[in-house]
Amino acid sequence: MFNPNEIREQFPILSTQVYGKPLVYLDNAATTQKPRCVIDAISEAYCTINANVHRGVHHLSQVATEQFEEARRTVQNFINAPHSRQVIFTRGTTESINLVASSFGNSFLKEGDRVIISTMEHHSNIVPWQLLRDRIGIEIRVIPLLPDATLDVEAYRGLFNERTRLVSLTHVSNVLGCTNPVKECIDIAHSNGVPVLIDGAQSTPHTKVDVQALDADFFVFSGHKVYAPTGIGVLYGKEEWLEKMQPYHGGGEMIQTVRFEKTTYNELPYKFEAGTPDYVGAIALGKALEFVQQIGIENIARHERMLTQYTLERFAEIENMRIIGKPDGSAVSFLVGDIHPADLGTLLDRLGIAIRTGHHCAQPLIDHLGIPGTVRASFALYNTREEVDTLVEGIKRVARMFA
Ligand code: C6P
């Protein structure tokens, strides 16, 4: 096991103060803080190897290209993809899902075809499908939830028909903090001949991801939630789909030949990486994933589950505490009496505690639950039991003010 207090020293921002109080950063599901090695990797890339990738014969361009492609192999290894050409760099989860909605949609979907999503999706896994619905008239069907806010897998089985073309499902809910039985859902979809996209934004930082064991057709995640910089993310896809899908954006690098009459496209993954990529971001993502691998994702998961368990135990002390859903990972959503989430969040902030409040970009889920939003505490490898204690004392203090 690692010592979170030692790990904290590698994250410069964690020693800052807010309103004269030590920062208690519990908003890791929104974005994680960055370790020194990632910050240094960005600075070092600009100081020593900066040049556009895949374009120059000169030395710097070659070194930058090597490091960029090395980062792709690190991602490949991290998610156990069969080949690095199946790893496409994007700006993040949102762009990855939009890419699939657009390219898979253009290549395989027609009016009346069905796409299945779930009630607990982030807007990033709802709106791209609605845009496609507006454009070509697909049908979106939504997996309902059981009374305990977990996925209704039996109802899901009943949503397939002969026009179902894709399932797009979150691995871990960013609001409920629960892990969906994605392997079972993928097997059910495959038995109906339907491919599956898994939104791994909230799972990749906290659990071992093996895209081959899952047999996911597409898997997406954001770098910034796994200790990497913003603006870089990943789309993994099976070659059988990626090869047949139309490009997403047109421009440099994604082409083989361009004539005014006709353009032919580059091989994977470059077909989907138009324009100058965020190669420095990708190199830093590689560094972040190596950092996670050195600590061990299982150790991180165990530590975060312990923190969640401890939080639930301590929350039991608080009067009128209501846990939303069945959290089993690293995020806990809650409400306290009738204190509005925004009020609780604002007052906790004055105590130096950073948590997220509101609909968490999952308005249909919040509407379904019939609540104004939630307060969410979400953990990373550097959080401690003492920080949970500070949160609990903070909530008690705010609750006394409202009493
Ligand atoms: N959720 C949260 O605080 P981007 O913005 O592209 O990096 O990630 C979008 C996204 C997609 N799916 C899930 C399950 C997510 O949780 C997120 C991001 C953040 O919950 C910001 S809204």
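Predicted model: local features only at pLDDT ≥ 70, side-chain atom pairs only at ≥ 80, totals over all residues.
**Exercise 1.** Work out how much space lies in the largest cavity, and which residues line the largest cavity.

*Solution.* Start with the volume: about 40 Å³ of space lies in the largest cavity. You'll meet Val172, Ser173, Asn174 and Gly177, then Gln202 and His206, and lastly Ser330 and Ala331. Now sort that lining by class: 2 residues are nonpolar, 6 are polar and none is charged.

**Exercise 2.** Find where the ligand sits and describe the shell of residues around the ligand.

*Solution.* First, the place: the ligand sits in the largest pocket. Then look at who's around. There are 17 residues around the ligand, and Thr94, Asp199, Gln202, Ser222 and Arg356 come nearest. By class, the shell has 4 nonpolar, 9 polar and 4 charged residues. Finally, check the domains: domain 1 (4–26 + 296–397) and domain 2 (39–294) each give at least three residues to the shell.

**Exercise 3.** Pick out side chains with a polar atom by an oxygen atom of the ligand, then say what share of the ligand's accessible area the protein covers.

*Solution.* Take the side chains one by one. Asn174 has a polar side-chain atom 2.8 Å from an oxygen atom of the ligand. For Gln202, a polar side-chain atom lies 2.7 Å from a ligand oxygen atom. His224 also places a polar side-chain atom 2.7 Å from an oxygen atom of the ligand.

Technical notes: Residues numbered from 1 in each chain as written. Heavy atoms only, no water. Near = heavy atom within 4 Å. Polar contact = N/O pair within 3.5 Å; in protein donor to acceptor, adjacent residues only side chain to side chain. Areas by Shrake-Rupley, 256 points an atom, 1.4 Å probe, with all protein chains shown as cover. 1 Å grid on protein atoms, 1.4 Å probe; cavity = no way out; pocket = protein on both sides within 12 Å on 5 of 7 lines; lining within 4 Å. Sits in = over half its atoms within 2 Å of the grid points. Nonpolar A, V, L, I, M, F, W, Y, C, P; charged D, E, K, R; others polar. Domains from an automatic or database assignment. Points joined across faces, edges and corners; volume = space filled by probe spheres on them.
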